[in-house]
Amino acid sequence: MENRYHELAKKWLNNTITPAEQAEFAAWYNKGQDNPIEIPPTFAENDEALKQRILNKINREIKKDDSRVKKIMPMWLRYAASILLFAGCFICYYLQTHRAVKSNVLTQQQKPLKNDAGPGGNKAILTLANGSKINLSDVKNGVLASQGQTVLKKDKDGRIIYEVPGAKGVDSSAIFNTITTPRGGQFQVVLSDGSKVWLNSASSITFPAAFSKTERKVTITGEAYFEIAKNKNKPFKVVTGRQIVEVLGTHFNINAYTDESAIKTTLIEGSVKISADAQTAILKPEQQSSLFNNKISINTVDTDNVLAWTTGNFQFEKAEIPSIMREAARWYDVDIKYEGEIPKRRFTGSISRSVNLSELLKMLKYTGINFKIAGKTIVVTS
């Protein structure tokens, strides 16, 4: 079957495709793709160069098999709203010119899913030391509150910034705040030492309004990415359940969702020390530790995949369907239900987190899995 569509692709590129073949090709392509794919002008110097690049891509993808799945998403393409990559050994074709003019091969359209869910956004609740709560999505930019000697501000980029303008006032190192994102939410905070934290959906961070003179320590749930301000005299510690991550100044990501099988810590730059259940491990850049069944293991990973959420993308590499659906549930604030046996397939691909839920599900249909949306529940069937 692959060879058949390869042949049709060649004919389309060479303008030798018949009307009947064009209809066949369009029916195959539009099974899961009904939006134009915009390719930038820089993709090719002219139409012929563009055609050659498309054909080269087709040749490369058809030669792949399950044992040779690899990264396939150029940076500019990650931001396209609806682009299927591949599941197993078969890939989509890029069927759009650099002028973003939809080809006449793309003539068939799919009906939109009912009860579609929109993407998440910047949403969080700040809980102050006295228990009062501030909806960070609603408040205007500027000063929000004071916690001891620390002033809380919301900047023009929507971040919450903790500033300690001087030593006057009550010591705020014993005053703890918590920022919590709901499902379908994400948020950024700049701590009193200048360290930056990105919270993913369904996550939280608890921290002092100002750090003490000897230690910087926070507690998180869910997933967070850290860029720690360097201070060799004051280590920074992140507590997640049984695990403690200790750093002096570095960039790293922690995934500690309770519905995931392991706590995963991924180092981007610098070094971190992992401690858990009387075990310790030192990570190097591009390494990831997994705490599973009271044991720490270390692997080398693609950090672009790990950090895709911080740049507004879903990015999967040989991901199982339940794992993908857990991410979808958190971001689109939906529940997941399986009818029959959970499909045992793996998927590699990328799509923007700004698209509606239906666009993500459309990608996954190429694995042979079907979905329906019933209210706020995604029903998965094989």
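Okay, Arg-326 and Glu-260: their side chains meet in a salt bridge, 3.0 Å from N to O. By salt bridge I mean a side-chain nitrogen of Lys or Arg within 4 Å of a carboxyl oxygen of Asp or Glu. Arg-326 sits in helix H5 and Glu-260 in the loop between strands S16 (251-256) and S17 (263-269), so the pair ties together parts 66 residues apart in sequence. Arg-326 comes out as partly exposed, at 26% relative accessibility; buried is under 20%, exposed over 50%, partly exposed in between, with a 1.4 Å probe and protein chains only.

Quick note on the source: this is a predicted model, where local features need pLDDT of at least 70, side-chain atom pairs count only at pLDDT 80 or more, and totals for chains, interfaces and linings use all residues. Residues are numbered from 1 along each chain as its sequence is written, and side-chain values use heavy atoms, with hydrogens and water left out.

Back to the charges. The structure holds 14 salt bridges. One of them pairs Asp-193 with Arg-216 at 2.6 Å, N to O. Asp-193 is in the loop between S10 (185-190) and S11 (196-199), and Arg-216 is in S13 (residues 216-227), 23 residues apart. Buried or exposed, what is Arg-216? Buried, at 1% relative accessibility, while Asp-193 is partly exposed at 24%.

Now, H5 again. Helices here are DSSP runs of H or I, at least four residues, and strands are runs of E, at least two, numbered from the N terminus. There's an open sheet of three strands, order S23-S26-S25, with mixed pairing; two strands pair if DSSP finds at least two bridges between them. S23 (335-339) and S25 (370-374) are the edge strands, each pairing on one side only. H5 (residues 321-332) packs on that sheet and touches S23, S25 and S26, contact being heavy atoms within 4.5 Å.

And H6 (residues 357-364)? That helix lies across S25 and S26. The axes of H5 and H6 come within 11 Å and cross at roughly 170 degrees. Axes are lines fitted to C-alpha atoms, for helices over the stretch in contact, with angles from 0 to 180 degrees between N-to-C directions. That makes the two helices, H5 and H6, roughly antiparallel, the label for angles over 145 degrees.

Who makes the contact? Ile-324, Met-325, Ala-328 and Tyr-332 from H5, with Leu-357, Leu-360, Leu-361 and Leu-364 from H6.

Notes. Angles under 35 degrees count as roughly parallel, over 145 as roughly antiparallel, 65 to 115 as roughly perpendicular and the rest as oblique.
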